[in-house]
Amino acid sequence: MRAAALIVAALLPALAIAQELEPRAYSNAPVGTNFAVAAYTRLSGRVLLDPSSPVENVDATVELYSLSYARFFGLLGRSASFAVSLPYVEADLRGDVFDAPAEVHRAGWGDLRLRGGINLFGHPALSPAEFARQPEAVSGGASLSVVAPTGQYVDSRFVNIGMNRWAFKPEAGISVPIGNWFTEASGGVWFFTDNDDYRGGHRRSQEPIFVYQLHVGYNFRRGLWLAGNYGHYSGGRTAVDGVDNDDAQGNSRFGLVLSLPLSSGWSTKLGWSKGTVVRAGGDYRIFTLAVQYRWFD
């Protein structure tokens, strides 16, 4: 059972629960702004497991196709936003179990993701005309991300697309513009409920994961910007029926994101990141391509 519990951990980090690097997560937009986003993300690389496990030389390739919608609105006079995202996942894992090669393929709908945020200072709720006249200012806000257990899950499988549990991340962030430059910093914590139907009724639990991010970027012109991003992730040790695994994270990542305007209302983002320090979980190279359409009510 202990070796099997470690195999399942190979796929769950690939769903990007704690490997996101998202610059401008606390940027502002006018009230009534809507965004529709189609994105492709590819994660590939080694998976680092408990050193005592008989599972070795694990590599994973995970492809996510996601559709997202976001809207900005006014709340108590402040700028607020709500977003929803649904991924479809294809994943291939390869490794050696007791020195014998093994492969696993999974494909299906992933867990639904929701995020709500509000600006606490620096960005009041503004119409598009008022927003265009408003100068950039230091601002800060808070958000809550939720992952709902809607994804494909079969309790007899060691590897699943869905996690069969809820996850919540409260977070706070601050954004500081400096001329054409912008800097952002944020800190949050992922909390997880237990999966009480792991392998036919066993209980799989996970400790919180602490997430810290720093972003520095440059605006070349409206819609055209480049950002360098750093993230650190710690904690997240798992257990099965109360028996701890040696898989606590102490990981960090570095990446770049480029935003390019295409035409009126349309833009695209290119993102790349890699692990700089990876103690446990996925040591992934991550590439993302997203196309975004923006419109106003």
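Predicted model: local features only at pLDDT ≥ 70, side-chain atom pairs only at ≥ 80, totals over all residues.
Strand β17 (residues 281-296) gives the nonpolar patch its largest share, 3 residues; helices (H or I, at least four residues) and strands (E, at least two) are DSSP runs, numbered from the N terminus. The patch itself covers about 520 Å² and is built from Y69, L262, W266, V291, Y293 and W295. Patch members need over 30% relative accessible area and no salt bridge, with like charges joined within 9 Å and nonpolar side chains (Val, Leu, Ile, Met, Phe, Trp, Tyr) within 5 Å. A salt bridge here is a side-chain nitrogen of Lys or Arg within 4 Å of a carboxyl oxygen of Asp or Glu. Areas come from the Shrake-Rupley method with a 1.4 Å probe, and for residues only the protein chains shown count as cover.

Residues are numbered from 1 along each chain as its sequence is written, and side-chain values use heavy atoms, leaving out hydrogens and water.

On the whole-chain level, there are 2 helices and 17 strands, and 45% of the 297 residues are buried. The accessible surface comes to about 13,800 Å², 61% of it belonging to carbon and sulfur atoms. Mean pLDDT (the predictor's confidence in each residue, from 0 to 100) is 86, with 89% of residues at 70 or more. Residues 1-15 fall below 50, and this stretch has 54 contacts in the model beyond near neighbours in sequence; contact means heavy atoms within 4.5 Å.

Inside, the largest nonpolar core has 13 residues, and L43, V62 and Y284 have the most contacts within it. A core is a set of buried Ala, Val, Leu, Ile, Met, Phe, Trp, Tyr and Cys residues joined through side-chain atoms within 4.5 Å. Two or more residues each come from β1 (33-48), β2 (55-75), β3 (78-97) and β17, with β2 giving the largest share, 4 residues. Another core, of 9 residues, lies apart from this one and includes M163, A167, V211 and Y233.

Y233 also turns up beside G250: leaving aside neighbours within four places in sequence, G250 contacts H232, Y233, V277 and R279. G250 belongs to strand β15 (residues 249-263) and is partly exposed, at 23% relative accessibility.

Note on methods
Buried < 20%, exposed > 50% of the residue type's maximum accessible area, 1.4 Å probe, protein only.
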